[in-house]
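Take the points one at a time and find each residue as you go.

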Amino acid sequence: MSNLHKKYQPFITLICRLLLGGVLLVAGGLKAFKPSESAGAVAAYKILPTNLAHLIGYALPWLEIAIGILLIIGLSTRFAAVIGTGVMIIFIAAIISVWARGILIDCGCFGGGGEVDPSKAAEAHRAYLMDILRDLGLALSGAYLYFFPYGRLSIEKPLQNNEEQ
């Protein structure tokens, strides 16, 4: 690790934790108390059988909230980063899937979701690209946290003999 990275790594880790954790917490919080909307948004992707899509739609907001909280407080950071990164990769794959199949939906990432009026196809395609880029950035933040999980304002601290802060 370069001296410059070593100097700023605790702050970069904090920023990545707050960024990924904050987005997951907000996204989950906006969907948690509207379970039928969340279930409908997952089903709109037409990837999973409807019953399974609805089950995931009901559970996903609570997973996002839990992972978001762990990241924000800096507890089990590496574990939470792996799950958060995995979730982002699944979101990216799902968005690419609907885009490739020509399905027009609102991703439902922050509530709502479902089919989009065909007259708004151009807007939907731009939204897909922006959603993919956002989720890619978040996935990269999670990957960084896997390798550098210890930072400022974190509950979890490294073992002094095994890792450097």
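1. In which helix is the place of Arg-17? Arg-17 sits in helix α1, which covers residues 3-32; helices here are DSSP runs of H or I with at least four residues, and strands are E runs of at least two, both numbered from the N terminus.

2. Before going on, please note that this is a predicted model, where local features need pLDDT of at least 70 and side-chain atom pairs count only at pLDDT 80 or more, while totals for chains, interfaces and linings use all residues. Residues are numbered from 1 along each chain as its sequence is written, and side-chain values use heavy atoms, with hydrogens and water left out.

3. Arg-17 is buried (under 20% relative accessible area, with a 1.4 Å probe and protein chains only). Arg-17 has no salt bridge (a side-chain nitrogen of Lys or Arg within 4 Å of a carboxyl oxygen of Asp or Glu). Glu-156, the nearest side chain of opposite charge, is 7.9 Å away. Instead, look at the backbone oxygen of Leu-71, which the side chain of Arg-17 reaches at 2.7 Å.

4. Now find helix α4, residues 77-101. Among its buried residues are Ala-80, Gly-84, Val-87 and Phe-91. After α4 comes Gly-102, with a positive phi near 75°.

5. The structure holds 1 disulfide (a pair of cysteine sulfur atoms within 2.5 Å). Cys-107 and Cys-109 form it, with sulfur atoms 2.2 Å apart, and both are buried.

6. Cys-16 counts as buried because its relative accessibility is 10%.

Conventions: Buried < 20%, exposed > 50% of the residue type's maximum accessible area, 1.4 Å probe, protein only. Lys, Arg positive; Asp, Glu negative; His and termini not counted. Polar contact = N/O pair within 3.5 Å; in protein donor to acceptor, adjacent residues only side chain to side chain. Expected span 1.5 Å × (residues − 1).
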